[in-house]
Amino acid sequence: MQTRVLGRTGRAVSVIGLGCWQLGADWGEVGEDSALAVLRAATDAGVTFLDTADVYGDGRSERLVGQFLASHDVPTGITVATKMGRRADPHVADAYTLDAYRAWTDRSRTNLGVDTLDLVQLHCPPTQVLTRESTYDDLDVLVDEGRISAYGVSVETVEEALAAIARPHVASVQIILNVFRRKPLEQVLPAAVEAGVGIIARVPLASGLLTGRYDETTTFAADDHRTYNRHGEAFDVGETFSGVPYEVGVAAARQVGECTPAGATTAQLALRWIIDQPGVSTVIPGARNAEQARGNAAAADLAPLDAATLDALRDLYDTRIREHVHDRW
């Protein structure tokens, strides 16, 4: 597994990581044994970067990661990133205070079973939080106190990403980037490269659309955000199918499948496309079973995509997807 340095953390992480949202909630039922099997399969395949959050299953995802890390035969060199802020109720800028940061990180340290968190990211906070000076002063205090080793942000928009990249101690920015969400290529990735900030690409498979397994008749469980958040009822609609209308995404994913080389899956093609983008540190697909985790990790073994494939994917975006997403985030 190829590794890259994750921005200002200085840590080498695998180019394919593991997103752990589905181990907590919002993707249908994932039992404890299945969750631990996913973590095992991913790390056995060379994954060294795990991304979770305190709000995923109200801490369940963090606790499962912590349980896994406490096993006797876990590979060394694993970096765990978590997130904080979305448990605030109400979720408003005034909730983001130094005392809150201390309480949130203390809870995550307990859940994960560690003294110091490797990387903590503000979890898609109100824009005001990202633009005020005191936010970063408070996060620097957490570093000085030894609660965290480094901090970053997870954002919804390009403008929020650029605001964070401009701050001197932000280690990483997590943003939606995939074949259906290309806008970060224009400014965010070049700015991150210039500043030495890591880029964590999330929602890489557009909530499964880019696996090519779904069609117009596919249904999802009632407790799956792909059922209850299609129009942004619970959180930003961009987190579900990347904000692409479902039927549009299904049809476009079929065209992506036509670009897939022999011996690879559509999901692997989509992940390889992200890895190939200059400035990307790691990409964090989720997995609900061990087979998916192994398949995602294998995307790192594909050759870089050729010019004809890249052109076809760009044309697909411009003709079928751009109008739905490009100016929104």
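Tutor: Lys83 stands opposite Gln121 in β6. Keep in mind that this is a predicted model.

Student: Happy to! How many bridges join β5 to β6?

Tutor: Four bridges join them, and the two strands run parallel. On the β4 side, β5 also has a parallel neighbour, with three bridges between them. There, Leu50 stands opposite Val80 in β5.

Student: How do I tell whether β5 is covered or open?

Tutor: Look at the relative accessible area of each residue: under 20% counts as buried. In β5, six of its six residues are buried, so we call the strand mostly covered. Then check the two faces. Thr79, Ala81 and Lys83 lie on one side, with Val80, Thr82 and Met84 on the other, and both faces are covered.

Student: Which strands make up the whole sheet, and in what order?

Tutor: Read the order as a list of neighbours. Here it is β3-β4-β5-β6-β7-β8-β9-β10, eight strands in an open sheet with parallel pairing. At the edges are β3 (18-19) and β10 (282-283), each of which pairs on one side only.

Student: What does the pairing at the β10 end look like?

Tutor: β10 pairs with β9 (residues 198-202) in the parallel sense, over two bridges. Within that pairing, Ala201 has Val283 of β10 as its bridge partner. As for what lies on the sheet, helix α3 packs there and touches β5 and β6, its direction making about 140° with that of β5.

Student: And two helices side by side? At what angle do the axes of α2 and α3 cross?

Tutor: They cross at roughly 40°, and the axes come within 7 Å. An angle under 35 degrees would count as roughly parallel, so α2 and α3 are oblique to each other.

Student: Which residues of α2 and α3 meet?

Tutor: From α2 come Glu62, Arg63, Val65 and Gly66, and from α3 come Ser108, Asn111 and Leu112. Sorted by class, this contact has two nonpolar, three polar and two charged residues.

Student: Back to Lys83. With which residue does Lys83 form a salt bridge?

Tutor: First the rule: a side-chain nitrogen of Lys or Arg has to be within 4 Å of a carboxyl oxygen of Asp or Glu. Lys83 meets that with Asp51, where the closest N and O atoms are 2.6 Å apart. The pair links distant parts of the chain, since Lys83 is in strand β5 and Asp51 in strand β4 (residues 49-51), 32 residues apart. Both Lys83 and Asp51 are buried.

Student: How many salt bridges are there by this rule?

Tutor: The count comes to 19. One of them joins Arg11 and Asp118, with the closest N and O atoms 3.1 Å apart. Arg11 lies in the loop between β1 (3-5) and β2 (12-14), and Asp118 in the loop between α3 (98-112) and β6 (119-123), so this bridge ties together parts that are 107 residues apart in sequence.

Student: Are those two partners buried or exposed?

Tutor: They fall into separate classes. Arg11 is partly exposed at 28% relative accessibility, whereas Asp118 is buried at 17%. Now try another pair: Asp73 and Arg40 meet in a salt bridge, 2.9 Å from N to O. Asp73 sits in the loop between α2 (60-69) and β5 (79-84) and Arg40 in helix α1 (residues 32-44), so parts 33 residues apart in sequence are tied together. Asp73 is exposed at 54%, while Arg40 is partly exposed at 22%.

Student: Which residues are linked in a network of salt bridges?

Tutor: Asp99, Arg102, Asp106, Arg109, Glu145 and Arg147 are linked that way.

Student: Last topic: the backbone. Which peptide bond is cis?

Tutor: Check the omega angle: the bond from Asp89 to Pro90 is cis, with omega near 10°. Pro90 is in the loop between β5 and α3. Then look at phi. Ala206 is not a glycine, yet its phi is positive, near 50°. Ser207, also not a glycine, has a positive phi of about 60°. Ala206 is in the loop between β9 and α8 (225-228), and Ser207 is placed in the loop between β9 and α8 too. Ala206 is buried at 0% relative accessibility, and Ser207 is buried at 4%.

Methods:
Residues are numbered from 1 along each chain as its sequence is written. This is a predicted model: local features need pLDDT of at least 70, side-chain atom pairs count only at pLDDT 80 or more; totals for chains, interfaces and linings use all residues. Side-chain values use heavy atoms; hydrogens and water are left out. Buried means under 20% relative accessible area, exposed over 50%, partly exposed in between (1.4 Å probe, protein chains only). Axes are lines fitted to C-alpha atoms, for helices over the stretch in contact, and angles run from 0 to 180 degrees between N-to-C directions. Angles under 35 degrees count as roughly parallel, over 145 as roughly antiparallel, 65 to 115 as roughly perpendicular and the rest as oblique. Contact means heavy atoms within 4.5 Å. Ala, Val, Leu, Ile, Met, Phe, Trp, Tyr, Cys and Pro count as nonpolar, Asp, Glu, Lys and Arg as charged, and the others, Gly among them, as polar. Two strands pair if DSSP finds at least two bridges between them.
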